[in-house]
Structure formats: C-alpha cells, structure tokens
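Here is a quick tour of one model, taken a piece at a time. Have the sequence and the 3D view open as you read.

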Amino acid sequence: MAAVWQQVLAVDARYNAYRTPTFPQFRTQYIRRRSQLLRENAKAGHPPALRRQYLRLRGQLLGQRYGPLSEPGSARAYSNSIVRSSRTTLDRMEDFEDDPRALGARGHRRSVSRGSYQLQAQMNRAVYEDRPPGSVVPTSAAEASRAMAGDTSLSENYAFAGMYHVFDQHVDEAVPRVRFANDDRHRLACCSLDGSISLCQLVPAPPTVLRVLRGHTRGVSDFAWSLSNDILVSTSLDATMRIWASEDGRCIREIPDPDGAELLCCTFQPVNNNLTVVGNAKHNVHVMNISTGKKVKGGTSKLTGRVLALSFDAPGRLLWAGDDRGSVFSFLFDMATGKLTKAKRLVVHEGSPVTSISARSWVSREARDPSLLINACLNKLLLYRVVDNEGTLQLKRSFPIEQSSHPVRSIFCPLMSFRQGACVVTGSEDMCVHFFDVERAAKAAVNKLQGHSAPVLDVSFNCDESLLASSDASGMVIVWRREQNTY
C-alpha cells in the first residue's frame with residue numbers, strides 16, 4: 001500500500017497553499033516533514049482498509065478546515081495514475097522464477113490508462129484554461145512540486161552555492177552516466193569506461209563511495225536503477241549486461257547480448273521492471289527478461305545505426321530509440337507480451353549521432369504537451385513536442401550548446417514546474433553545465449556551472465532538486481549544492 005501515503009501527501013500538498021500564507025518557508029518545511037512521517041508510517045504494515053479510511057478522513061478534515069478545492073477530482077485522478085506496487089524488483093524476479101506465467105498477468109494488472117497523447121494534451125490545456133490568470137495547474141504533482149521547491153522564481157530556484165563534493169575514483173576514464181536513485185536525495189551511482197560502477201552515499205558527511213561493482217571486462221556504457229532501487233542493470237562494451245543487487249553489490253546475473261555485440265544503452269520498462277530494453281552496436285534493440293536472462297519474443301527491432309539512446313514515456317507504452325546515423329525511432333510497446341512494433345522515424349540530422357533522449361509527459365503549465373529532449377551532436381539541445389500516440393515528433397525549439405562529438409546527455413528537471421517557465425539541464429563540450437528555460441523566448445539561459453576540466457557528459461538531479469550531479473570525460477563527478485535559501 002505504498003500508494004496510499006502518496007495520495008495522502010498529494011492531498012496535503014493541494015491544501016498547503018492555504019497554510020500560513022505569509023510564511024512560505026513554514027509550508028515547505030511542513031510538507032517535507034509530512035512526507036517523512038508518511039514514508040515511515042507506510043513501513044508499519046497497517047491494514048489497507050485502515051489506510052484508505054485515514055485518507056478519506058484526512059481529506060474531509062482538510063476540506064472542513066480550508067473549504068473545498070476547485071478540482072475535487074484531481075486527487076482521485078492522481079491516485080489512479082500513481083499507484084505502484086510496494087514490492088521490490090527482487091521480489092518480483094523471485095516470483096517469476098517460481099511461476100513463469102506471472103509475468104503476463106502482472107504486466108496486465110499494472111497497465112495504465114490508454115488515452116492518446118493528443119487527448120492528454122487537450123485535457124492539460126482545458127484544465128489550465130479554466131483556471132484564473134496566474135494560478136497553478138491543479139494537479140497533485142504540480143502542488144507537491146510547489147510545496148517542495150518553495151515560492152521562488154525560476155532563476156532563484158536554480159542558483160547554486162558551489163560544489164558539495166567531488167568524486168574522483170574513476171579519474172583517467174570517462175564517466176558516461178551518473179544517476180541518483182529514484183525518489184532519493186542522497187544515493188548516487190555512476191559508471192565508468194574503466195569497467196566499474198560506483199555506489200555513493202552523500203549523507204552523513206563526508207560523502208563516501210559505499211562500494212564499487214566490478215565484473216565487466218570492458219567499459220560500462222550505461223546503467224539504470226530499478227523503480228525500487230534494489231537492483232541496477234548495466235550494459236558494457238564487453239557485450240554483456242549485468243544485474244546487480246544494490247544492497248551488497250553482488251552480481252545476480254550476467255546476460256550476454258543476443259547478437260554478441262557491444263551494448264551501448266539500457267532502460268527499464270517503467271511499469272514492469274522484469275523487462276529491460278538494451279541497444280547494441282549491431283543496430284538492434286532487444287527487450288530482455290532479466291528474470292530468465294532471455295530476450296522476449298517479438299521484442300527485437302533494427303535501427304539504421306548503432307543504438308545510443310533509449311527512453312520510455314511514463315506509462316511505458318511508447319519507446320524511443322536513437323542511433324548514430326541521426327535517426328530517432330518510436331515503438332509501440334505491448335504491455336502484456338513485451339513485443340515491439342515500429343511506429344515512426346524522425347531523421348534529426350543525417351549522420352549526427354543521437355546521444356540522449358529524455359521523455360516527459362508535460363513540463364510546465366506553459367509547455368502542456370508531452371515532450372522529448374534530444375542531444376544529437378549539432379551544437380544544439382533540441383526540444384520536441386510529441387503530437388500523437390505513435391510518438392510522432394515536432395520540433396518546438398533548440399538551445400545553443402557545444403556538442404559535436406562527445407556523448408552528451410540532458411534531463412528535464414524532476415519537479416513539475418508551477419512557475420512561469422520550466423528548466424532543462426544539459427552537459428556540454430565547453431566543460432560547463434547549462435540550464436535553459438524552455439518557455440523563455442529570448443535569453444533562455446538560466447544558469448551555467450563551471451568547474452569541470454573536460455566535456456560534461458551527463459547530469460542528474462536528486463528527487464527534490466537540492467543536489468545536482470555531473471560527470472565528465474576525464475572521470476570526474478561533481479555534486480553541486482543549490483543555494484540554501486531556495487530549498
């Protein structure tokens with residue numbers, strides 16, 4: 001019942017603007033403390049019926065205290081979309097090994113709404129246009145983001161105080177990927193072309209490297225955290241993927257690439273973490289079942305070049321893959337079987353490698369369409385609009401960066417923006433980290449962090465945006481701390 005405490009927090013966040021209107025710092029502290037207490041309470045194992053009763057009573061009491069909200073259906077819609085199993089990926093892997101039939105049933109049971117992207121964009125606009133000018137988008141996620149971020153402007157919110165810590169255990173070999181754990185403030189991992197993966201803990205001080213995962217015989221090209229953070233999957237130039245237990249660092253399984261080719265990227269299927277998609281140097285995308293170590297029937301498709309980047313949409317129904325020939329393909333993903341169906345192809349620029357793809361259902365109250373962020377060695381960061389449920393892309397705008405040869409990556413900021421504007425962050429070959437406002441017509445640059453001595457390859461925010469990690473081609477990982485008065 002992990003979803004119930006999230007629903008309770010969403011209800012609290014929606015009413016949080018009514019608490020102490022003249023003291024926004026108190027509201028921020030209150031919602032953070034509520035989040036901590038609800039997380040702890042979720043581990044107590046209370047009966048599901050009791051938790052649901054608490055959710056109803058909480059909503060009724062807040063409604064009596066502050067009055068009804070203008071969108072009474074929002075919390076219910078949020079609960080339907082956010083429900084996730086509290087069981088870990090390792091639990092589900094063990095279940096599958098005991099009963100292979102469980103995979104199909106589980107994928108079926110965890111499927112989500114089938115509304116199209118066009119419908120989603122129309123609904124987002126309709127909700128926004130019904131609100132008074134200057135008000136925030138009435139969704140639980142947007143309210144929670146506002147409560148966590150505090151009442152600050154976009155520029156203030158992405159002002160950084162400087163370096164919090166520097167990790168240099170991989171110096172002399174590039175670190176192509178750095179990622180905070182899901183919904184975690186202080187757990188960080190990075191992979192290196194020296195063949196290892198580091199798991200780091202930032203709190204308590206001083207930050208430390210908890211363990212180094214070794215086993216790949218060549219460079220690690222990519223890795224991903226499972227939804228519950230109990231396992232990691234990694235891909236390597238040694239033509240294998242490995243499944244690791246994050247708790248103790250042991251390698252659970254080694255899976256060879258079906259084509260015997262270098263593996264260049266990977267991503268978990270967001271709804272069913274038993275399935276992982278990998279891309280290889282022989283132009284193939286494979287859907288792999290990490291419980292059996294085998295590729296899924298019908299889960300293979302060929303691109304025009306080496307597969308460098310992968311990204312799912314949030315419901316897990318659409319997959320985009322980018323290659324080194326400049327193409328981005330969209331695939332329809334069958335939730336029950338793992339089968340891939342090729343849908344659309346976009347040539348970003350012939351011969352320009354697509355090194356990063358990030359998907360977001362919507363970015364802000366101004367950018368209400370599903371969006372894709374793409375790096376493609378064009379000295380530009382590209383923002384595309386997803387215009388239909390087959391993943392068709394339409395260029396919205398671009399931002400100037402330096403990238404002509406290195407595998408630079410970018411991200412959407414994790415908190416859904418309630419302000420005017422919304423930020424994206426990218427690495428760059430000018431050795432800087434760049435922040436851009438996707439809605440600002442002129443002078444879109446919001447901030448630039450300097451401190452690396454080599455091209456910046458990847459960036460990652462923690463869950464509340466208080467810390468940002470960046471990695472570079474020399475093996476340095478820098479953790480940046482946001483200004484104290486903005487979080």
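β4 and β5 form a hairpin, with six residues between them. The two strands pair in the antiparallel sense over six bridges, where pairing takes at least two DSSP bridges. Ser 196 stands opposite Arg 214 in β5. Strands here are DSSP E runs of at least two residues, numbered from the N terminus.

A word on the ground rules: this is a predicted model, with local features needing pLDDT of at least 70 and side-chain atom pairs pLDDT 80 or more, while totals for chains, interfaces and linings use all residues. Residues are numbered from 1 along each chain as its sequence is written, and side-chain values use heavy atoms, without hydrogens and water.

Now for the cores. A nonpolar core is a set of buried (under 20% relative accessible area, 1.4 Å probe, protein chains only) Ala, Val, Leu, Ile, Met, Phe, Trp, Tyr and Cys residues joined through side-chain atoms within 4.5 Å.

| Core | Size | Residues named |
|---|---|---|
| Largest | 18 residues | most contacts inside: Val 285, Leu 310 and Leu 319 |
| Another, apart from it | 16 residues | among them Tyr 158, Phe 160, Val 433 and Phe 461 |

Leu 310 is in contact (heavy atoms within 4.5 Å) with residues including Val 277, Val 285, Leu 319 and Ile 357, leaving aside neighbours within four places in sequence.

Finally, Gly 351 sits in the loop between β17 (340-347) and β18 (356-360). Gly 351 counts as partly exposed because its relative accessibility is 48%, and that class runs between 20% and 50%. With neighbours within four places left aside, Gly 351 is in contact with Asp 324, Arg 325 and Gly 326.

Note on methods. Helices (H or I, at least four residues) and strands (E, at least two) are DSSP runs, numbered from the N terminus.
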